[in-house]
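Here's a quick briefing to read with the model open beside you. It goes sheet by sheet, then moves to a helix in the other chain.

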Amino acid sequence: MNPSPVEAARPRLGTLLLRRGALLAFAAILLVFALGAPNFLAPGNLANVLAQSAILGILAFGLTTVIVGGGSNVLSGGLDLSVAANLGLSAAVYATLDNAGYGAFAGIGLTLATGLAVGLLNGLVVVGFRLPPLLATLASMNLVAGLELVLTENTVLPSASPLLEWLAFGVWLGVPALAWVLLGVAALLILLIDCTPFGLRLYAVGEYPEAAHAAGIAVRRHVFASYLISGLCGSLAAFCSAAWFSGSTTGSGEMLLSVVAIAFLGTIFSRRLRPSIGGTLLATLLVGFMINGFQLLNISSFWVNGLQGVLILLVVALSGLSRKEP
Amino acid sequence: MNPLTRLRAPLRLLTLFSLLLGAAPAPADDGAQVPSLAGKRIAVSMTGTSHYFDIKAFQAQVDEIKRLGGTPITLDAGRNDRNLVTQLQTVVTQKPDAVIQTLGTLSVIDPWLRRISAAGIPLFTIDVPSQYSLNNTTSDNHAAGRALAERLAQDTGGQGNILVFNGFYGVPVCAIRYDELQKVLAARPGLKVLQPELRDVIPNTVQDARAQIAALLNKYPKGEIAAIWAAWDIPQLGASQALIDAGRSEIRTYGVDGTPEVLELLKRADSPVGAVVAQQPELIGRTAVRNVARYLAGQRDLPKETHVATLLTTRDNLDQVNRLRGDQ
């Protein structure tokens with residue numbers, strides 16, 4: 001029996017709501033805070049939220065890139081659970097080198113190399129040994145977190161350098177340096193993934209690997225590249241984190257779930273419910289504005305976790321609905 | 001005769017002395033003459049509210065602000081540095097009449113405390129000796145740390161190996177207590193800290209400390225460890241549980257805070273708890289708020305630090321804790 005027009009329209013309505021509704025919901029949340037929370041719209045406050053979002057945002061960009069290249073199925077698609085641990089290790093490497101008197105060039109270079117090395121390891125295991133990314137990056141996460149413990153002995157390593165000082169307190173055009181870093185990294189990755197043949201092929205590899213292979217695209221090389229980008233994002237976020245905390249601090253692994261949540265939440269901002277850097281940026285800012293608005297409204301920030309959970313459930317439910325669409 | 005019984009009388013004198021000593025810089029006040037906070041918004045910024053000390057200090061601040069007619073803005077970072085820095089940034093936007101920051105790793109929060117101070121918001125602290133703080137309300141951790149370490153040295157007869165939890169040296173009060181331990185040990189070459197030092201963690205502090213000590217008890221048979229020291233008493237709690245599990249009654253534990261579970265352990269016949277410095281988190285919280293009220297009423301002669309009395313608690317003077325805190 002053919003479904004009645006009403007039944008057929010239901011999932012489409014859901015998808016439509018999801019596609020257009022996400023931005024509307026974002027706007028509505030901002031409106032509520034603008035009306036209810038004192039000083040929410042003050043330029044200084046908005047700039048602060050941008051800066052506060054830098055660490056999670058850049059980590060989530062890395063994860064998003066991996067999801068684009070590996071497909072968005074949580075169990076079998078692209079996933080990098082080592083991003084937060086990578087940040088921890090990279091920040092510890094930077095703080096250690098800085099405190100040991102290595103110059104800015106060596107410190108920055110070796111920190112970036114640390115991030116890339118983690119990406120390289122993930123790429124080798126996932127592409128080379130064909131292990132499921134969920135398990136492969138879970139293993140590398142533990143390895144990297146262990147290396148961080150060896151380096152820091154699980155203590156805070158205070159550190160100060162002109163770079164960290166500039167990142168933490170630098171301001172350009174009234175906007176903090178960390179906000180520029182977030183926007184800069186987002187712009188670069190949007191250019192790379194949305195506007196270049198590489199990005200187009202990465203999407204093809206992630207969504208239809210067989211078709212991409214048949215079309216002559218080097219599938220494995222692209223997936224490998226996505227892990228390298230994610231590794232680099234880990235060390236870029238490490239600079240932001242080291243600036244934020246004046247050195248390396250423990251507990252970076254706690255960020256992982258927020259990063260995963262943001263990356264998947266980001267899909268609701270794309271018209272075809274696919275992962276995108278722009279969507280992830282919006283999701284990062286949404287979470288950042290919620291934390292900020294809740295504090296200004298004097299509501300416990302723990303509600304943000306609950307609300308984030310509800311939003312993710314909504315994404316999962318609605319993307320399930322949209323898959324059933326004929 | 002039990003050596004503890006023999007020592008009871010001098011110990012009582014000692015603890016009474018430390019009580020008086022600790023009380024001296026912070027004259028007890030009943031709060032009757034504290035200026036009103038009517039119309040004032042006071043931000044209570046907590047590093048976390050998951051332990052006895054935090055919860056009591058937090059609740060006391062909120063209650064005292066309300067009692068004085070003010071409005072508390074409550075902020076809890078849930079023991080997460082990222083949340084803590086974010087909340088300290090956003091609090092500048094909230095423009096409260098004053099901020100009270102409780103605990104935190106100094107190197108992480110100090111740059112952001114500077115921002116609050118630079119924004120013209122009066123900044124007060126609990127257990128954070130920041131240069132930007134107008135007044136820091138705290139226990140005299142030098143005296144408390146020294147008394148605890150000396151008690152450890154006395155109980156062990158100045159001989160043996162000590163396991164030390166030193167995971168939070170970045171938290172100033174922990175650093176002071178640790179340094180006092182080292183000073184006391186320097187004068188007693190018979191006492192040695194086993195290397196590597198142990199790292200206490202947050203969260204899962206109790207379980208983690210219990211597991212670490214349980215493993216080390218297998219490594220070091222009877223007679224090889226004399227005592228276990230921690231800068232606070234939540235790892236001490238885990239360590240004590242591990243000692244009870246393993247039946248290693250020859251080892252004693254030492255820590256700071258006076259968390260009810262640790263005081264409860266002190267009551268056991270073969271308690272592994274050697275001593276715990278009991279703090280008065282409620283009085284610390286109330287005192288910080290009263291200092292804010294005085295400052296906002298124009299009293300600008302506040303000392304840089306206000307000390308609140310502590311009590312070196314052993315099984316012999318357990319009853320004095322209740323009297324000291326007056327809240328149990």
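In chain B, 6 strands make an open sheet in the order β2-β1-β3-β4-β5-β11, with parallel pairing. Helices and strands here are DSSP runs (H or I, at least four residues, for helices; E, at least two, for strands), numbered from the N terminus, and two strands pair if DSSP finds at least two bridges between them. This is a predicted model: local features need pLDDT of at least 70, side-chain atom pairs count only at pLDDT 80 or more, and totals for chains, interfaces and linings use all residues. Residues are numbered from 1 along each chain as its sequence is written, while chains are lettered from A and ligands numbered from 1 in the order in which they are written.

- β2 (71-76) and β11 (305-308) of chain B sit at the edges, each pairing on one side only.
- Neighbouring strands in this sheet are turned by 20° against each other on average, direction ignored; axes are lines fitted to C-alpha atoms (for helices, over the stretch in contact), and angles run from 0 to 180 degrees between N-to-C directions.
- Inside it, β1 (residues 41-46) and β3 (residues 98-102) of chain B pair in the parallel sense over 5 bridges, with M46(B) opposite T102(B) in β3(B).
- Helix α3 (residues 81-94) of chain B lies across β1, β2 and β3 of chain B, at about 175° to β1(B).

**The mixed sheet of chain B**
- Another 6 strands form an open sheet, ordered β7-β6-β8-β9-β10-β12 (chain B), and here the pairing is mixed.
- Its edge strands are β7 (191-193) and β12 (311-313) of chain B, each of which pairs on one side only.
- The twist from one strand to the next averages 20°.

**Zooming in on β9(B)**
- How many residues of strand β9 (residues 252-257) of chain B are buried? It's 6 of 6, where buried means 20 or more other C-beta atoms within 10 Å of the residue's own, exposed means 12 or fewer, partly exposed is in between, and C-beta atoms are placed from the backbone.
- Both faces are covered: R252(B), Y254(B) and V256(B) are buried on one side, and T253(B), G255(B) and D257(B) on the other.
- β8 (residues 227-230) of chain B pairs with β9(B) in the parallel sense over 3 bridges, and A227(B) has R252(B) as its bridge partner.
- The chain gets from β8(B) to β9(B) through helix α8 (residues 233-246) of chain B, in a right-handed β-α-β crossover; that is, with the strands pointing away from the viewer, the path from the first strand over the helix to the second runs clockwise.
- β9(B) also runs parallel to β10 (residues 273-278) of chain B, joined by 5 bridges; G255(B) partners V276(B), and D257(B) partners A278(B).

**Helix α7 of chain A**
- Which residues of α7 (residues 162-169) of chain A are buried? They are L164(A), L167(A) and A168(A).
- Seen down the axis of α7(A), these fall within an arc of 95°, so they line one face of the helix; the arc is that of the directions from the helix axis to the C-beta atoms.
- Their cover includes α8 (177-194) and α11 (219-244) of chain A, together with α4 (106-118) of chain B.

**Chain B overall**
- Chain B has 11 helices and 12 strands, and 54% of its 328 residues count as buried.

Conventions: Two residues are in contact if their C-beta atoms, placed from the backbone, lie within 7 Å.
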